[in-house]
Amino acid sequence: MAISISAVVLLLILAVIFLRSGGLKVSHALVCALLGFCLAGTSIAPTIHSGMSATADIVSGLRP
């Protein structure tokens with residue numbers, strides 16, 4: 001568990017740095033994808049999933 005949390009934190013830091021640098025390259029996208037897979041394996045995954053579902057429900061309910 002400690003190793004996966006450390007990997008998630010490291011990948012999160014790298015993703016933020018890459019996004020702030022202005023250009024998202026293939027290597028940056030790979031780091032972001034790895035971050036997503038690592039987050040899916042942690043205990044926070046159900047919270048992220050429910051938050052994304054709630055956001056999708058709100059957005060789908062909006063009428064322009």
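Select Ser60 to begin: with 46% relative accessibility, this residue counts as partly exposed, since the class covers values between buried (under 20% relative accessible area) and exposed (over 50%), computed with a 1.4 Å probe on protein chains only. Ser60 belongs to helix α3, residues 45-61. Helices here are DSSP runs of H or I with at least four residues, strands are runs of E with at least two, and both are numbered from the N terminus. Ser60 and Ile44 are 16 residues apart in sequence, and their C-alpha atoms are 24 Å apart in space.

The model on screen is predicted: local features need pLDDT of at least 70 and side-chain atom pairs count only at pLDDT 80 or more, whereas totals for chains, interfaces and linings use all residues. Residues are numbered from 1 along each chain as its sequence is written, and side-chain values use heavy atoms, with hydrogens and water left out.

Now select Arg63, in the segment after α3. Arg63 counts as exposed because its relative accessibility is 71%. With His28 also selected, a pair 35 residues apart along the chain is shown, and the separation of their C-alpha atoms is 35 Å.

Display the whole protein chain next. How many helices and strands does the protein chain have? There are three helices and zero strands, and the pattern along the sequence reads α-α-α. The C-alpha trace spans about 40 × 30 × 15 Å along its principal axes. The radius of gyration of the protein chain is 14 Å, while a compact globule of 64 residues would have one near 11 Å; this radius is taken over C-alpha atoms, and the globule rule is 2.2 Å times the number of residues to the power 0.38.

Of the 64 residues, 12% count as buried.

Which residues form the largest nonpolar core? Select Val8, Leu11, Ala15, Val31 and Leu35, the five residues of this core. A nonpolar core is a set of buried Ala, Val, Leu, Ile, Met, Phe, Trp, Tyr and Cys residues joined through side-chain atoms within 4.5 Å. Two elements, α1 (2-20) and α2 (26-40), each give two or more residues to it, and α1 gives the most, with three. In soluble globular proteins, nonpolar side chains tend to be buried together. Keep Val8 selected: leaving aside residues up to four places away in sequence, Val8 touches Leu35, Cys38, Leu39 and Thr42, where contact means heavy atoms within 4.5 Å.

The last stop is helix α1, which holds Val9 and Ile17. Val9 counts as partly exposed because its relative accessibility is 42%, and Ile17 counts as partly exposed at 48%.
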